[in-house]
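Here are my notes on this model, point by point. Please read them with the structure open.

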Amino acid sequence: MSVEEHVLEGTVALVTGASSGIGAATAAALADQGAAVALVARRGDRLEAVAASIKDQDGTALVLECDITDEQQAVGAVERTVTELGRLDTLINNAGVMLLGPVVGAPLAEWQQMVQLNVLGLLYCAHAALPHLLRAAADGPRQVADMVNISSVAGRVARSGNGVYSLTKHGIGAFSESLRQEVTGRYVRVSLVEPGATDTELASHNRPEVLDIMRSQFGQTMEPDDIAGAITYIVTRPRHVAINEVLIRPTEQVR
Ligand SMILES: NC(=O)c1ccc[n+]([C@@H]2O[C@H](COP(=O)([O-])OP(=O)(O)OC[C@H]3O[C@@H](n4cnc5c(N)ncnc54)[C@H](OP(=O)(O)O)[C@@H]3O)[C@@H](O)[C@H]2O)c1
């Protein structure tokens with residue numbers, strides 16, 4: 001995939017879950033393309049480190065320490081981005097949590113956490129960002145805006161042991177396609193990215209007994225930069241090209 005240099009100059013991107021993994025790599029990649037980047041997550045120290053490395057490369061980064069499962073904080077992050085960076089052209093809805101294991105006997109708190117972040121957190125950000133994305137598409141430097149929603153292979157195929165995670169990711173897929181049909185005529189492109197196994201902190205939040213099972217299944221993984229590259233490709237396409245969906249697995253991942 002070839003990406004032209006600095007295609008995003010003059011634009012502003014907000015990345016949720018920018019303190020680690022795919023979000024941190026994506027924020028750096030978009031900054032490399034010239035976007036000013038708002039970094040959203042709960043761990044401020046980690047966001048500061050991501051921001052510092054972007055600034056070292058002469059990029060612009062705004063740290064927004066917040067919990068997007070709180071509607072007010074999610075809306076506040078979008079509003080501060082527009083106030084402090086001037087506009088919003090690109091929203092990367094990346095923050096997510098994956099708590100696996102059997103449905104029978106699962107702690108309800110884990111399901112609540114996944115629905116609150118993967119579904120509601122994403123919706124709060126999408127809702128708050130849409131008026132700004134529509135404005136950017138109408139009067140922005142590129143005359144097009146992007147919302148990229150990070151799903152998963154689990155958003156395509158449900159399997160035993162990933163019931164509620166898969167539910168949240170299937171939901172994101174349905175929402176993304178419906179919204180895409182609604183706004184694509186106004187040049188807001190809505191894209192879905194469905195990664196397979198990627199080496200991040202995601203699995204580490206699971207219960208020890210679930211982690212043991214996961215470890216026995218670990219195979220080849222991708223790097224966060226591999227997914228960031230796909231996201232960057234999507235948002236740097238010319239105005240008349242919309243990449244609607246990307247399913248991306250490590251080559252050795254069979255399922
Ligand atoms: N890694 C994989 O194999 C894989 C595969 C398929 C899909 N995905 C998806 O990729 C996305 C990114 O995950 P990752 O793999 O990069 O994992 P990660 O390193 O654990 O990143 C998750 C990010 O979400 C943030 N986050 C968690 N709770 C939050 C909250 N309440 N408010 C704001 N931010 C919050 C975390 O930051 P704080 O803790 O600082 O808040 C962190 O930056 C997720 O949607 C995940 O489902 C990953």
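**Notes on strands, a loop serine and a surface patch**

1. Val15 has Leu39 as its bridge partner in E2. This is a predicted model, so read every value below as computed from predicted coordinates. The pairing behind that bridge is between E1 and strand E2, residues 36-41. The two strands run in the parallel sense, over five bridges.

2. How many residues of E1 are buried? Five of the five are, so E1 is largely enclosed by the rest of the structure. The burial holds on both faces. Val12, Leu14 and Thr16 lie on one side. Ala13 and Val15 lie on the other.

3. E1 also pairs with E4. The sense is again parallel, with three bridges. Leu14 of the pair has Leu91 as its bridge partner in E4.

4. Now E4 itself, residues 90-93. Thr90 and Ile92 point one way from the strand, Leu91 and Asn93 the other way. Every one of these four is buried.

5. Which strand does E4 pair with over four bridges? That is E5, residues 145-150, and the sense is parallel. Within E5, Asn149 stands opposite Asn93.

6. Next, the loop between strand E1 (12-16) and helix H1 (21-32), where Ser19 has its place. Is Ser19 buried or exposed? Its relative accessible area is 7%, and buried means under 20%, so Ser19 counts as buried.

7. The side chain of Ser19 makes a polar contact with the side chain of Arg43, at 3.3 Å. Leaving aside residues up to four places away in sequence, Ser19 touches Ala24, Ala41, Arg43, Arg46, Leu47 and Val50.

8. Last, the surface. Val115, Leu120, Leu123 and Leu167 form a nonpolar patch there. Together they have about 280 Å² of accessible area. Helix H4, residues 108-139, supplies the largest share, three residues.

9. Why is Leu167 classed as exposed? The class requires over 50% relative accessible area, and Leu167 has 51%, so the residue qualifies.

Note on methods: Residues are numbered from 1 along each chain as its sequence is written. This is a predicted model: local features need pLDDT of at least 70, side-chain atom pairs count only at pLDDT 80 or more; totals for chains, interfaces and linings use all residues. Side-chain values use heavy atoms; hydrogens and water are left out. Patches are made of residues with over 30% relative accessible area and no salt bridge: like charges are joined within 9 Å, nonpolar side chains (Val, Leu, Ile, Met, Phe, Trp, Tyr) within 5 Å. Accessible areas come from the Shrake-Rupley method with a 1.4 Å probe; for residues, only the protein chains shown count as cover. A salt bridge is a side-chain nitrogen of Lys or Arg within 4 Å of a carboxyl oxygen of Asp or Glu. Buried means under 20% relative accessible area, exposed over 50%, partly exposed in between (1.4 Å probe, protein chains only). A polar contact is a pair of N or O atoms within 3.5 Å; within protein, one must be able to donate a hydrogen and the other to accept it, and residues adjacent in sequence count only if both atoms are side-chain atoms. Contact means heavy atoms within 4.5 Å. Two strands pair if DSSP finds at least two bridges between them.
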